[in-house]
Amino acid sequence: MRRSAMAVFAVFFAVFAGSALAQEAGVTSAPSDKDLALYRTGINPADTDVDAGEEFFNKTQGEKNTSCAACHGGAAPSKSLKGSAVMFPKWSGSAKKVVSIEDQINMCLGMMGAEKLEMKSPLMNGASLYVRSLSLGMNINVKTDGDAKETFDFGRKVFATRRGARNLSCANCHEDLVGTTLRMQPLKKIGAAAAHWPAYRMMSGQTTSLQQRFVQCMSNARLKPFPLGDYRMTALELYVTSLANGQPLATPGWVR
Ligand code: HEC
Ligand code: HEC
């Protein structure tokens, strides 16, 4: 798992070895010395978020005075979250809608009478990464039919809908223009990308969720970003994650 994340980074590093190229790419910052030092040790900076997530998982909190581990830490397969992450986003019978891992975490925090986490908080990314860490290497397997079909179809539609000042859609850059470059940035198919998010992003030095990555694309392309956790975001996440179906979960990624 770690190796594939490292491979992504290695490509990045090779490309950025020539800083002139980095400049042409419209990239404003090269990897910091700290990031390069970490890269050489093979430690993904986002690993500290996974650790924080594990601590959060085991912490007793909320009015019910309980922990995630109290319900999900047991050895019984009905309790374990092993294999759970690869099914998300998925239909939730209790919420009566498709939910992301982050939504599910907040639903469980609600049950615990504990304070919910903000979607953008580093601890939310950590908790999400820890839940994912229990399914590393298992194949992504989100459902696009049954109860999830409506949301999936809507997500595909959002992906293809042009909007904003430049009248662009996600599909314009990630399907129609694949193989060309935009300000020297190669435009790529999304492919199995969802398998490595949340990822550590070199550009910002921050652990970033898939929905936060969508926001960055929307801002860059001047599409007004949807709020994190918004129904359009969940639908987009389901569609984009479905493109990774059958690919092994490999979080946290380490990307440009
Ligand atoms: C009081 C027991 C309880 C606690 C505490 C609890 N959960 Fe849950 N959790 C559940 C139940 C019950 C479900 C199934 C919910 C449903 O089907 O709507 C669930 C579902 C989940 C799932 C989805 C499992 C799947 O495969 O569908 C995840 C992920 C999860 N919880 C994470 C957490 C995290 C993280 C915490 C701590 C913040 C936590 N839970 C705390 C009871 C609990
Ligand atoms: C103007 C072109 C453009 C538009 C529009 C655009 N993107 Fe991107 N996107 C990019 C570029 C460039 C990258 C960086 C590719 C790379 O990492 O080499 C990227 C990266 C991504 C990634 C990360 C890919 C990976 O390999 O990890 C995801 C996911 C993504 N975009 C989703 C979206 C979604 C969803 C939308 C629509 C809301 C969207 N993008 C709109 C240009 C665009």
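Tutor: Cys217 counts as partly exposed because its relative accessible area is 31% (buried means under 20%, exposed over 50%, and partly exposed in between, with a 1.4 Å probe and protein chains only). The model is predicted, so local features need pLDDT of at least 70 and side-chain atom pairs pLDDT 80 or more, while totals for chains, interfaces and linings use all residues. Residues are numbered from 1 along each chain as its sequence is written, chains are lettered from A and ligands numbered from 1 in the order written, and side-chain values use heavy atoms, without hydrogens and water.

His174 lies in helix α9, residues 170–176, and Cys217 in helix α10, so the pair ties together parts that are 43 residues apart in sequence (helices, H or I, have at least four residues and strands, E, at least two; both are DSSP runs numbered from the N terminus).

Ser209 sits in the loop between β6 (206–208) and α10. This serine is buried because its relative accessibility is 8%. Beyond its neighbours within four places in sequence, Ser209 is in contact with Asn125, Trp197 and Pro198 (contact means heavy atoms within 4.5 Å).

Pro198 also belongs to the lining of the largest cavity, where 19 residues take part and Glu102, Arg132, Pro198, Leu210 and Glu237 lie nearest the centre. Here α10 (210–220) gives two or more residues, as do α7 and α11 (231–242). The largest cavity holds about 200 Å³ of space (on a 1 Å grid over the protein atoms alone, a cavity is a set of points where a 1.4 Å probe fits but cannot get out, and lining residues have an atom within 4 Å of a point; points are joined across faces, edges and corners, and a volume is the space filled by probe spheres set on them). Its lining is made up of 11 nonpolar, five polar and three charged residues (Ala, Val, Leu, Ile, Met, Phe, Trp, Tyr, Cys and Pro are nonpolar, Asp, Glu, Lys and Arg charged, and the others, Gly among them, polar).

The structure holds two cavities of 30 Å³ or more. The second largest cavity has about 30 Å³ of space, and its lining consists of Val158, Thr161, Arg163, Cys170, Met218, Leu223 and Phe226. Five of these residues are nonpolar, one is polar and one is charged.

For comparison, take the other iron site. His72 (NE2) and Cys108 (SG) coordinate the iron atom of ligand 1 at 2.0 to 2.3 Å. They link distant parts of the chain, with His72 in helix α5 (residues 68–72) and Cys108 in helix α6 (residues 101–111), 36 residues apart. His72 is partly exposed at 26% relative accessibility, whereas Cys108 is buried at 19%.

Conventions. Donors = N, O, S within 2.8 Å, 3.2 Å for Na, K, Ca; no water. 1 Å grid on protein atoms, 1.4 Å probe; cavity = no way out; pocket = protein on both sides within 12 Å on 5 of 7 lines; lining within 4 Å.
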